[in-house]
Amino acid sequence: MGAKRGNILTENIVFIVITLLFIGALFGFVIRSSSSTRLTEEVYAKKFALIIDSLKPDTILEYSVKDLTEKAVNIPENQVIKIIDNKVLVKLSENSGYSYSFFNSANVRIGEINVEKGTIKISVKKEIEEAENVEIVE
Amino acid sequence: MLKLLNKKGDERVLGFYWIIVFVLIAVGVVSATIVFFDSYDIREVEASILGDRIVDCISENGELRNDVVDDLQEGDLEEICGFNFNDDFYDKNQYYVYLNVNGISENEFSKDGTDNLWPLCGAKDVKKEDKPGCFDKKIMILDKGEFILVELNVAIAKNKQN
């Protein structure tokens, strides 16, 4: 009688442990997928492309990029976000990177990341000459 | 006969069903996660921003800029309104814009067959991966003291990235 009860309890405990492990594994998978490097790069590249598209000439915008700097691995801060032609390139590690194009033909410049504040400045100027004279002071 | 159906056998069958339930839940959660976090589709927002920028281009303080509308009749939308639709990621142009000012001036920007994009916006039998991001707007703008109707349709493909 006692042995049988013990058996049932062991089976139940094993079952509960397996269920918890299963739920934990699924939860871990979802968390890992939602915070992957590739996804962060894509989200920020698209965010910046939309911001640049919507900015009118002669605008300077300061944007928080704390999540981005925290995930950057072996990449200098001034290389994390770059503008190449009419594309935003976000790179969090040497083996990854995501770029997305914007249609705003104005001259776009991105400053260096302010490490203390965790922000970056984006400037949009109509003329190339004007943009070259602009200093984005951190 | 009843003696054959012992409890152990029942539990084993139940265990088998539990494994099936676990597998089904795992497949559901994993596939939902992959689909949800696969890519963010921003084309509708992008199209709406482009639409707003075109309206800004053809009007100033709520008044129609007739000079710009006239230029658009013969000139290029990219050049006149300050856009750059080039994208190295794709071989072809990915943007379509249709602008109708009061039925008098009609302007369509399409390259590399993007005029086929707009009909896909309302189509129901189109696969999700082939559907463009669409935006349409009808607004009234002042022209010499009178309101005129401006119709704008924008479609953006960029299917591989969204």
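1. The structure is a predicted model. Every position discussed here should be read with that in mind.

2. Overall make-up of chain A. Chain A contains 5 helices and 6 strands. Read from the N terminus, its elements follow the order α-α-β-α-α-β-β-β-β-β-α. Of its 138 residues, 39% count as buried. Its accessible surface amounts to about 8,100 Å², and carbon and sulfur atoms account for 55% of that area. Among contacts in chain A with a separation of 6 or more, 52% join residues 24 or more positions apart.

3. The nonpolar cores. The largest nonpolar core comprises 56 residues. Those with the most contacts inside this core are Phe48(A), Ile81(A), Leu50(B), Ile58(B) and Leu77(B). Another core, of 7 residues, lies apart from the largest one and includes Tyr96(B), Leu117(B), Cys134(B) and Ala155(B). As general background, nonpolar side chains tend to be buried together in soluble globular proteins.

4. Phe48(A) and its partners. Which residues does Phe48(A) contact, leaving aside its neighbours within four places in sequence? They are Tyr63(A), Val65(A), Ile81(A), Val88(A), Ile110(A), Ile120(A) and Ile122(A). One of these partners, Ile81(A), is also listed with Phe48(A) among the residues with the most contacts inside the largest core.

5. Ile122(A). This residue lies in strand 6 of chain A, residues 119-125. Ile122(A) is buried, because its relative accessible area is 0% and the cut-off for burial is under 20%. Not counting residues up to four places away in sequence, Ile122(A) touches Phe48(A), Ile51(A), Ile52(A), Leu55(A), Thr59(A), Ile60(A), Leu61(A), Val108(A), Arg109(A) and Ile110(A). Ile122(A) and Phe22(A) are 100 residues apart along the chain, and 45 Å separates their C-alpha atoms.

6. The pairing of helix 2 of chain A with helix 2 of chain B. From chain A, the contact is made by Leu50(A), Asp53(A) and Ser54(A); from chain B, by Val45(B), Glu46(B), Ile49(B) and Arg53(B). By class, the contact has 3 nonpolar, 1 polar and 3 charged residues.

7. Glu42(A), a buried acidic position. Glu42(A) is placed in helix 2 of chain A. Is Glu42(A) buried or exposed? Its relative accessible area is 1%, so Glu42(A) is buried. Leaving aside neighbours within four places in sequence, Glu42(A) is in contact with Tyr98(A) and, from chain B, with Asp38(B), Ser39(B), Tyr40(B) and Gln161(B).

8. Glu77(A). Helix 4 of chain A, residues 77-80, holds Glu77(A). With a relative accessible area of 41%, Glu77(A) is partly exposed. Beyond its neighbours within four places in sequence, Glu77(A) is in contact with Ile113(A) and Val115(A). Glu77(A) and Phe27(A) are 50 residues apart in sequence and 32 Å apart in space, C-alpha to C-alpha.

9. Two lysines with positive phi. Most residues other than glycine have a negative phi. Lys144(B) has a positive phi of about 50°, and Lys158(B) has a positive phi of about 40°. Lys144(B) sits in the loop between strand 5 (133-143) and strand 6 (146-156) of chain B, whereas Lys158(B) is found in the segment after strand 6 of chain B. Lys144(B) is exposed, with a relative accessible area of 70%, while Lys158(B) counts as buried at 0% relative accessibility.

10. Gly28(B). Gly28(B) belongs to helix 1 of chain B, residues 7-38. At 34% relative accessibility, Gly28(B) counts as partly exposed. Its C-alpha atom and that of Ile42(B), 14 residues apart along the chain, are separated by 25 Å.

Definitions and conventions
Residues numbered from 1 in each chain as written. Chains lettered and ligands numbered in written order. Predicted model: local features only at pLDDT ≥ 70, side-chain atom pairs only at ≥ 80, totals over all residues. Heavy atoms only, no water. Core = buried A, V, L, I, M, F, W, Y, C linked by side-chain atoms within 4.5 Å. Buried < 20%, exposed > 50% of the residue type's maximum accessible area, 1.4 Å probe, protein only. Contact = heavy atoms within 4.5 Å. Helix = DSSP H or I, 4+ residues; strand = E, 2+ residues; numbered from the N terminus. Nonpolar A, V, L, I, M, F, W, Y, C, P; charged D, E, K, R; others polar. Areas by Shrake-Rupley, 256 points an atom, 1.4 Å probe, with all protein chains shown as cover.
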